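Hi,

Here is the structure I promised to pass on. Have a look at it first, and then read on for what turned up.

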Amino acid sequence: MFELTWYDGRRRVRGSIALSVGLSALAAMVIWVYPSFEAEVDLDQLLAAYPDPILQVMGVQTMTSLGGFLSFELYTFGWVIMLGLYLAYSTAGTIADDVDRGRMDVLLSMPLSRRRLVAERFAAIAVPILGANLLPPVVVVVGARLIDHPLAVADVLAVHVLSIPYLFACAGIGLLASVVFDRAAIAQRVALGVTFVLFLSESLLTGTDAETIGAIAPMRYYDPNAVLLEGRYDLAGAGILVAMTLAFLVASQLWFGRTDIH
Amino acid sequence: MAAIELEGLTKDYGEVRANDGVTFAVERGEVFGYLGPNGAGKTTTIRTVLGLLSPTAGTIRLLGRDVTDEAQLLEAKRRLGYLPDDPAFDETATGREILDLHASLKGDERSAELLALFDPPLDREIREYSRGNVQKLGLVTTFMHDPDLVILDEPTGGLDPLLQQRFNEFVRAERNAEVTVFFSSHILSEVRKLCDRVGIIRDGRLVTVEPVESLLDRSGKFVRLHADEPIPIRSLEVDGVHGLESNGGAGPSDGAEYVFTFTGDINALLAAIREYRLVDLSIEEAPLEDVFMRFYGGDATDSPAATEQAAAGTDRGGSGDV
């Protein structure tokens, strides 16, 4: 078991380190600019200048604390949007690319069931998901101390830990696209599009009559603001994300199990 | 129990019926050639046998297992090697990493021996491999776990003549070791050198399954007759003479030469020409190309133009199969 996960996982280590370093640089930059931002700009006035939809999309609640600032500058932008889209996109390439490039014939000639192949490939996505969350929390905690705006270590850890089921759910969207479309380029475009539309539907529809539509969006169940501003950890939301991930995985296995491989 | 049993295999793509009621069995320990031009449906049969495509109708048993039942298919795959038409491996991996993955998933009994024989550049990344090197790596991964049954789709494409020779010797040795080999080809000389039996497919339908010798018998002999003096054509009108050509009277010392395909009783032919003085006589097996053409292009032996046309049709590259 897990031979394919082990193989794939090792091949993703280098990219994941790069991802972790890049996100740490983003975190360091956001923390570094905060003190001058806070001193030079009337942040409440700045907030008022933005139209409401933008604030809503970016998940901006307040800029007057480092937690609020990080919540949207780093976590909404870096984690919810960028990493979410990246994982959907990257996972969409896994199965579809094997089929597209004719590698699936060789893989499936081995004693490996289709369900297991899908599950093992998906499990290897844990490497970039965990990798992305390895270095940045350290940078955030240490950086916050250095600019004298210390954050609760538990909150920083929680915002990262809770992002893991969220990112798996985004990857699940990619996985489903990857088995439904046998052209990698199409699967990846569809996964990006769907993830982005889900993000918009959740952020724009919140507070409207159509709010329930956003219930299918993974973004509803991961809220950096709640963690960093209120210290509230949405464990039920995390549970829903885990269930969503499993649903995407099982649906992908069922689909791939009965499809013709061209 | 046969190694591969097909019963009424049909694969319908909607517009194209790539396989239509294909029925045959590959016995254990034989080398079976699956012959047909590009687009005849060879690859579809193979990929359906492997469970990559689901049959529209019919049953398929691989090493006694029903391939539409995944648990049974997995059992069969443990003892199966498969080399696709155009094998592809992870481009960013080295050959060695690919071999390690395959070894971890299906075991490794004999890769060292195979590497000595086919020798792909293991330390290079696959993206730097030539088509021939990919094929060599594919041959190693196909045989490394010492399978009972091997399915090869156009296996010698991309191999240079020296390696083709090595491959042929290797396949013969495998047969002697009781390995069942099923391979598809549109190259007739390859099939003739290696196969015990041949199945011919055309437009998705199986035309015939026969031992190679009986195909050759039916195709007759290629006769070249060199006589001292011209032989009256009447004397050569023996049952079974086809496509008689002569270049009599080329010169007094040259005598006359006659060339034809002969499918009748060889004794009748010898009796008919007994009274003439011969300079030379050769009786050879007809080229398998001629046999092959019978199933595609009408009576090729009587019509050189048809032969040429059909032969051109079979010599195209190997990428157009459905």
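Which residues in α3(B) meet which ones in α5(B)? On the α3(B) side they are B:G95, B:I98, B:L99 and B:H102, and they meet B:L137, B:V140 and B:T141 in α5(B). Contact here asks for C-beta atoms, placed from the backbone, within 7 Å. The residues of this contact split into 4 nonpolar, 3 polar and no charged (Ala, Val, Leu, Ile, Met, Phe, Trp, Tyr, Cys and Pro count as nonpolar, Asp, Glu, Lys and Arg as charged, and the others, Gly among them, as polar).

Before going further, a word on the source: this is a predicted model, where local features need pLDDT of at least 70 and side-chain atom pairs pLDDT 80 or more, while totals for chains, interfaces and linings use all residues. Residues are numbered from 1 along each chain as its sequence is written, and chains are lettered from A and ligands numbered from 1 in the order in which they are written.

Back to that helix pair. Helix α3 (95–106) and helix α5 (131–143) of chain B pack at about 20°, with axes 10 Å apart (axes are lines fitted to C-alpha atoms, for helices over the stretch in contact, and angles run from 0 to 180 degrees between N-to-C directions). The two are therefore roughly parallel, a label for angles under 35 degrees. Their crossing is right-handed, that is, the near helix is turned clockwise from the far one by less than a right angle. Helices are DSSP runs of H or I with at least four residues, and strands are runs of E with at least two, numbered from the N terminus.

Chain B also has an open sheet of 6 strands with mixed pairing, in the order β6-β7-β8-β3-β9-β10; strands pair if DSSP finds at least two bridges between them. β6 (80–83) and β10 (205–211) of chain B are at the edges with a single partner strand each, so one side of each has no neighbour in the sheet. Strand β9 (197–202) of chain B runs antiparallel to β10(B), joined by 6 bridges, and B:I200 sits opposite B:T208 in β10(B). Helix α8 (212–219) of chain B packs on the sheet, touching β9 and β10 of chain B.

Over in chain A, helices α4 (66–100) and α10 (163–180) cross at roughly 35°, their axes coming within 7 Å. That crossing is right-handed.

Finally, the contact between the chains takes 16 residues from chain A and 22 residues from chain B.

Cheers

Key:
Contact = placed C-beta atoms within 7 Å. Parallel < 35°, antiparallel > 145°, perpendicular 65-115°, else oblique.
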